[in-house]
Amino acid sequence: MAFEIIESCVNCWACEPLCPNQAIYEARPHFMIDADKCNECAGDFEESQCVSICPIEGAILNESGEPLNPPGSLTGIVPEKFAKLVARQQAA
Amino acid sequence: MELPVLNNVAPDASGCQSGSCGSTDDQMGHLPEHIREKVFNHPCYSEEAHHYFARMHVAVAPACNIQCHYCNRKYDCANESRPGVVSELHHPVQAVKKVLAVAATIPQMTVLGIAGPGDPLANPERTFETFRMLAEQAPDIKLCVSTNGLSLPDHIDELAKHNIDHVTITINCVDPDVGALIYPWIFWKNKRIKGREAAAILIEQQQKGLEMLVARGILVKVNSVLIPGVNDRHLAEVSRIVKAKGAFLHNVMPLISEAEHGTFYGMTGQRGPTAEELQALQDECSGDMNMMRHCRQCRADAVGMLGEDRGDEFTMEKIEAMDINYPEAMKMRAEIHAAINEELDAKRAAKHAKVHSIEEIRPKPATRPVLMAVATRGSGVINEHFGHAREFLIYEASASGVRFIGHRKTVAYCEGGDTCGDGMSALDKSIEVLSGCEVVLCSKIGFEPWGPLEKAGITPNGEHAMEPIEDAILAVYEEMLSNGKLDARPAEQQKVA
Ligand code: SF4
Ligand code: SF4
């Protein structure tokens, strides 16, 4: 049972001090979670702390590789709409 | 990043109050003495001092506990003088070294701020360790901190301990329904909270923090980002409320929103205000409150005077090689500060005398106010070439004197490509930011921009190079008066049209 940080992480440090198990560490190109230490915050917090503060959609994955903050969940810009906006901007 | 800066006097007010008059600097006249003392020679609050002193930021606080729609954590935040996470992040010990090196090299550096890259109070250990060391090692540097306010109430005691000169809170709204359009989520009590509920908590914490700081006698400045269609109609109320609670200054900044910043507002096409919209709002709020108009949204990790950046001289590598004897540097700094203050005092006295004489000779003519733009690199004189200017200082001349209105940024059209990326030429951009101005004063101007400027109703003027800004503006105003140019009212006609 452990989460994973992937390359879309912007190294913002928000998650690191919050982890109850000191599982998160600074690394390049991006922060990492020590899978041996991460227990998904079970028993410590109702919500996984790193997932609750991470500002980047898709930067943290669960064990099945699914984003815990899926596209649109934080920005409110759902992917289809996002694509349309980009297209509109390019056309303008 | 202010004295003629503080405007709570209507543009047509004339005469002197409480021994101060003429320039907008003196509109601090109504502030309590202990606050005036604190802000008089402060580069962030005194437009005049701003030409002589400088401030710097250190990036020691990476984490943030809220999301704003105008922010993309990756990049420097254009709105809140906050560096992005790609900027060089400093450990407190490194940050202190850097500050001492800069202060010893640039004696004008008098204010040190912590503003990011995240929220300083979401990184309390790193922020307060930096303050603690600086208070000990460099007691001649003023300390300040900017925050979104969410965890402000938890840190009031610690802030009071470090003798913080002032705290800036970014308050964009006092209504959760407005807030829900600006803040998608906050991290609060170990949970992510979204929408209106999040905004309500943030607003409550900001207001509580403001009240607690004022109760402790700590100066509070409030920053607001003006977002057209979102909080533009709401900010006058914000101004009223924060003033009633004891904030001493309200700084309304324009939203900066470019698609390539990748922010929510950038992506969804939310526009920023025009220079005129910003000024109208500042005027609306200034009836209620001291407005700060010369803030140029300095880049939070920039080092130097007036928008210049000498950061390259102070990379960590170079700093490690420097041998700084700060106690010695402090003596040199004290001498330089005393000399600058003397110069400032002399200028103020001279201005005071001059305004009197102008009022005496002029029998209250019904002249209209005129906006003029100035290209300057500092020291309070006209010393920048039109084509090199990255910003213009805007002043209003009227029968009652000269008043500073604000900064408008542009792209130096002499530099680089001829476009600003959006197909607009740099000269067009300058003409656009100068809209409403009738004169632009600079040390020199080329032949090429002359015609387009005049066509846009802006008279270029290079006759006052190296002269003090306010003297030059008055001289031009008097000249316009004697040429009969102040009888016509082009500005108003335009408004009607
Ligand atoms: S889920 Fe919890 S335990 Fe695992 S890395 Fe994130 S904060 Fe640490
Ligand atoms: S909060 Fe997210 S973006 Fe920031 S360091 Fe952690 S994983 Fe990376």
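1. Here, Ala, Val, Leu, Ile, Met, Phe, Trp, Tyr, Cys and Pro count as nonpolar; Asp, Glu, Lys and Arg count as charged; the others, Gly among them, are polar. With that in hand, take ligand 2. Its shell has ten nonpolar residues, one polar and no charged. The model is predicted.

2. Which residues make up this shell? They all come from chain A: I5(A), C9(A), V10(A), N11(A), C12(A), W13(A), C15(A), F31(A), C54(A), P55(A) and I56(A). Cysteines in the list include C9(A), C12(A), C15(A) and C54(A).

3. Most residues other than glycine have a negative phi. N11(A) sits in the loop between β1 (4–5) and β2 of chain A.

4. Ligand 1 has 13 residues around it. Those that come nearest are F3(A), C19(A), C38(A), C41(A) and C50(A). By class, the shell around ligand 1 holds eight nonpolar, four polar and one charged residues.

5. Chain A also has a cis peptide bond. It runs from R28(A) to P29(A), and omega is near 5°. Most peptide bonds are trans. P29(A) is placed in the loop between β2 (24–25) and β3 (32–33) of chain A.

6. Now chain B, and a helix pair. Helix α3 (residues 92–105) of chain B packs against helix α4 (residues 124–137) of chain B. The angle is about 40° and the axes are 9 Å apart. That angle makes α3(B) oblique to α4(B). The crossing of α3(B) and α4(B) is right-handed.

7. What makes the contact between α3(B) and α4(B)? From α3(B) come P92(B), V93(B), A95(B), V96(B), V99(B) and L100(B). From α4(B) come R126(B), E129(B), T130(B), M133(B), L134(B) and Q137(B). By class, this contact has eight nonpolar, two polar and two charged residues.

8. Chain B has an open sheet of three strands, in the order β2-β6-β7, with antiparallel pairing. Two bridges join β2(B) to strand β6 (residues 185–188) of chain B, in the antiparallel sense. At residue level, Q67(B) has W185(B) as its bridge partner in β6(B).

9. A helix covers these strands. Helix α7 (residues 195–215) of chain B lies across β2, β6 and β7 of chain B. Its direction is at about 105° to β7(B).

10. An open sheet of five strands is also found in chain B. The order is β12-β11-β10-β13-β14, and the pairing is mixed. The edge strands are β12 (401–409) and β14 (459–461) of chain B; each pairs on one side only. Neighbouring strands of this sheet are turned by 25° against each other on average, direction ignored.

11. Which way do β13(B) and β14(B) run, parallel or antiparallel? Strand β13 (residues 439–441) of chain B and β14(B) run parallel, joined by three bridges. V440(B) has P460(B) as its bridge partner in β14(B).

12. Helix α15 (residues 469–482) of chain B packs on this sheet. It touches β10 (370–374), β11 (391–398), β12, β13 and β14 of chain B. The direction of α15(B) makes about 140° with that of β10(B).

Note on methods: Residues numbered from 1 in each chain as written. Chains lettered and ligands numbered in written order. Predicted model: local features only at pLDDT ≥ 70, side-chain atom pairs only at ≥ 80, totals over all residues. Heavy atoms only, no water. Axes fitted to C-alpha atoms, helices over the stretch in contact; angles between N-to-C directions. Helix = DSSP H or I, 4+ residues; strand = E, 2+ residues; numbered from the N terminus. Parallel < 35°, antiparallel > 145°, perpendicular 65-115°, else oblique. Left-handed = near helix turned anticlockwise from the far one by under 90°. Contact = heavy atoms within 4.5 Å. Near = heavy atom within 4 Å. Pairing = 2+ DSSP bridges.
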